[in-house]
Amino acid sequence: MPERQLRSILIPVNTDQRSVPWEMVDVAARLAAERRSVIDLLAFSPIPLSEEMDVDLPDIDSRLRGLSDQSGSWAARYGIAVRCRHERTRDPAATILEAADRGGAELILLGATDASDTTYRRLARDTTARRIAASARVPVMFVRPPRTGA
């Protein structure tokens with residue numbers, strides 16, 4: 001049976017984060033390099049119900065450029081391209097699932113971005129991560145950053 005080819009690997013990241021966790025990009029780039037696919041970086045901005053969807057997002061352009069540049073330079077080490085796009089959302093899980101379906105992703109990478117608590121238990125308690133894992137039509141892989149400090 002031939003190995004299933006990955007057309008793209010989806011990495012969703014909240015624009016509130018200062019950077020894309022390098023270990024997520026590293027895992028995605030290694031997998032993409034083996035299968036000659038690309039990485040789709042979905043930068044999403046959660047918009048609270050109390051705000052209009054077109055609310056001004058301070059410094060969003062520079063944050064998006066930073067996320068794109070960081071992930072692109074890391075993936076380039078493996079000869080992999082990163083396609084970056086931004087979406088505003090009230091429902092991050094639905095937005096991520098729709099992006100995976102629309103973009104033909106064959107894998108979704110999720111990871112802990114809070115350096116103070118990077119356990120799998122925390123990820124398992126996260127409602128967005130649980131909804132994605134339960135509803136995705138493609139495999140979902142959880143990536144935990146290395147522990148910092150001693």
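Reply: First, a term: buried means under 20% relative accessible area, exposed means over 50%, and partly exposed is what falls in between (1.4 Å probe, protein chains only). On that scale, buried residues account for 41% of the chain's 150 residues. This is a predicted model, with local features needing pLDDT of at least 70 and side-chain atom pairs pLDDT 80 or more, while totals for chains, interfaces and linings take in all residues. Numbering starts at 1 along each chain as its sequence is written, and side-chain values use heavy atoms, leaving out hydrogens and water.

The chain has five helices and five strands (DSSP runs numbered from the N terminus: H or I of at least four residues for helices, E of at least two for strands). Along the sequence they follow β-α-β-α-β-α-β-α-α-β. The five strands form an open sheet in the order E3-E2-E1-E4-E5, with parallel pairing (a pair needs at least two DSSP bridges). Strand E3 (82–89) and strand E5 (140–143) are the edges, each pairing on one side only.

Let's go through the pairings. E1 (residues 8–14) and E2 (residues 38–46) are joined by seven bridges, with Ser8 partnered by Val38. E1 and E4 share two bridges, and there Leu10 has Ile108 as its partner. Four bridges connect E4 to E5, where Leu109 stands opposite Met141. E4 is mostly covered, with four of its five residues buried.

Helix H2 (residues 60–76) lies across E1, E2 and E3, at about 155° to E2; the angle is between N-to-C directions, on a scale from 0 to 180 degrees, using axes fitted to C-alpha atoms (for helices, over the stretch in contact). Helix H5 (residues 127–135) also packs on the sheet, touching strand E4 (107–111) and E5, and its direction makes about 145° with that of E5.

A nonpolar core is a set of buried Ala, Val, Leu, Ile, Met, Phe, Trp, Tyr and Cys residues joined through side-chain atoms within 4.5 Å. The largest one here has 23 residues, and Ile9, Ile11, Val20, Ile39 and Leu109 have the most contacts inside it. E1, helix H1 (22–35), E2, H2 and E4 each put in at least two residues, and H1 gives the most, with six.

Last, the aromatics. Rings of Phe, Tyr and Trp (its six-membered ring) pair if their centres lie within 6.5 Å; planes under 30 degrees apart are stacked, over 60 edge-to-face, and the rest tilted. That gives one aromatic pair: the centres of Trp22 and Trp74 are 5.6 Å apart with planes at 50°, so the pair is tilted. Trp22 sits in helix H1 and Trp74 in helix H2, 52 residues apart. Trp22 is partly exposed at 45% relative accessible area, and Trp74 is also partly exposed, at 22%.

Conventions:
Contact = heavy atoms within 4.5 Å.
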